Amino acid sequence: MTATDSNQVTSRRITLSRAYRDGLAEEMARDPSILVMGTDLYERGGHWAQVTGLGPEFGRDRVRNTPISEAAMVAAGVGAALDGLRPVVDLNFADFAFGAMDEIVNQAAKVRYWWNRPVPLIIRGTTGFAGGGAQHNNSLEAWFCHVPGLLVAMPSTPADAKGLIKTALRGSDPVIFLMHKMLTGLRGEAGGPDDLVPFGQATIRRPGADVTVATYGVMAGKALRAAESLAADGIDVEVIDMRTLMPLDLDTVQQSARRTRRLVVATEAYRHGGVGGEIAAAMSESLFGELAAPVLRVGAGFAPVPHSPVLLDALTPGAADIERSVRAAMRAGGAG
Amino acid sequence: MRAHTDITEALPGTGIDLGETSSAEAASWLDRMLLIREFESTAGPLATAGAIPGGMHSAIGHEAVAVGVGSVLRTDDVAAAPHRSHHVALAKGMDPGLMMAELFGKRTGSSGGRGGHMHLADFGVGFFGSNGIVGAGVGLALGAALAQSYRGEPRVAAGFFGDGGANTGRVWEFVNLAAAWQLPLLVVCENNGYAVETRIRDSMAGDSIAGRAAGFGLPAVQVDGQDVAAVHRAAAQAAALARSGGGPTFIEALTYRHLGHDIGERGQYRTAEEVAWWERYRDPIERLRAALVARGDLDDAGYQQAAERARDRVAAAVSAAEAAPLPDPATVTDGVTATELNIRTGS
């Protein structure tokens, strides 16, 4: 391999944030009805470099700096979507959705059910546990999954971030698009202009025979690390990345768990009352007689996200937690 | 400017000035106001009797606000309304049959029985919906104004809300963004003096709602909401400004609802004398009728014919709604999203 070849290979490995940005830029170039609005977008490129350079490239009509008025930006997004545009409202932090919950839950989500009207609105936010304390690190995916009318995407790789935002921008449903803080700089290859990732199709990140781990977002990478560690002890883990949480591809999880007879569901979000519980319940209902072990859940303890790094570490589920649950699943019910 | 009009500080005179308004246009206002009055007078008792399920918010008394603003809106302009919305829908041109069937919860209603009286909409005539959340309709109109501005179309959007909504934060976020971006939006506050049963004087700081709006740097006017010609003039000026790229206008219309906040209300928060005063001296339909009579444009027979036309249309809407099929219960989870969700409802 020449140096040039090596550089080309390196340049294709872009960050998740860049992949999202590229997907958005490609769609904006092909569809003039797409505009993006939020705070600090035009010059700064967003707080997560998620729209870097799009301001000068597309102009102030299409990359709009808004006041810190979440209700107004989302309401304007809903109304503009009803009038034929495809707005992307970028909240920077998903936590700021609290200032627009009525606009998201009571307006955007319900329009199609009432009026059979497309609402091609994307609401993007960066989410998940990191430093910065309790008010900037909420995990809201379960909230939004509990609202009929919203789709929820939570990519774990650059390729999925790009492919999912492109699909969202060609659809006609309101989409909550959540990108984890700790994945912002994650590098990987991403697809080309026509590589779309469908909603509602989980992917098997690692095939395995002994235990299925169903997960999404930042936990996908942790599950893969746990799987490598467990492989050293002869435990063969299959890792499923859900990619979208609404729709939720339970069929792929069911097929896998029927084969492995053991299922661990891993989320960073609180173990209590979350998406993991929904997956676990659905599989317990449909596979009760076929499983060799109870479905186990990995998730955060029930506390606001703390500031001190030692407390944050104590709350955040890691690869070791997944590994522990997989071993527990292997012990329960004896050898498969 | 004033918070609202008490009977103790009555506006001068009851007459209204039609100015240069043509006889045909003024007659069309009367027709539309009578249609609203008849629709509300018919639907209210049907709701009380249980033929129409759920509650209802009657707009009797508010007719001039909706018709005055609606008179300057074209079919492809947009209007969005709050929970009290039938007058806005009818003023924007929505078919009373579609509305009545929706109130009855029938398959032929504007959302097939899925919405009800707080979620009427007809995008074909630019009615972007009633809304159960106070102030929220202004936000949808704001978005439509953004889309219109983005595409460079000379269309406008009107967002209606009430004095109760004037104490929500979202409304002022909307007004600020509309003013900051100079969007073609008419923000129309129907100030009827009461947020449900709370008097505006007891709940609002400052002198007036329009006074608050003026702080956002857009034209903010207060008009007599029981005078359709005055509302029309304010709206015409606002729409002309918006269509020419001059940005939004805030219109506060002082009005009064003759009935309670919702159908069947037995409130103790206002006196019978107050209600009677508004009905006797500030009925928007009677004021328009008197002005038309004074100008020689209308006689008793003409008025009765107009009222008869309204009765016929509403009676036909009720008959059709009564005869219409109910929605199929098996469809209750259909069409939540365009994307197939494949939600499991059991094992």
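## Contacts and overall form of chain B

In chain B, 75% of the contacts with a separation of 6 or more join residues 24 or more positions apart, a contact being two residues whose C-beta atoms, placed from the backbone, lie within 7 Å. This is a predicted model, in which local features need pLDDT of at least 70 and side-chain atom pairs count only at pLDDT 80 or more, while totals for chains, interfaces and linings use all residues. Residues are numbered from 1 along each chain as its sequence is written, and chains are lettered from A and ligands numbered from 1 in the order in which they are written.

The C-alpha trace of chain B spans about 70 × 50 × 40 Å along its principal axes, and 12 helices and seven strands form its secondary structure (DSSP runs numbered from the N terminus, helices being H or I of at least four residues and strands E of at least two).

## Helix α4 of chain A against chain B

The axes of helix α4 (residues 70-82) of chain A and helix α6 (residues 169-180) of chain B come within 8 Å and cross at roughly 70°, where axes are lines fitted to C-alpha atoms, for helices over the stretch in contact, and angles run from 0 to 180 degrees between N-to-C directions. In this contact A:Ala71, A:Ala72, A:Ala75 and A:Ala76 meet B:Arg170, B:Glu173, B:Phe174 and B:Leu177.

## Helix α4 within chain A

The axes of α4(A) and helix α5 (residues 101-108) of chain A also come within 8 Å, crossing at roughly 25°. Here A:Ala71, A:Val74, A:Ala75 and A:Val78 of α4(A) meet A:Glu103, A:Ile104, A:Gln107 and A:Ala108 of α5(A).
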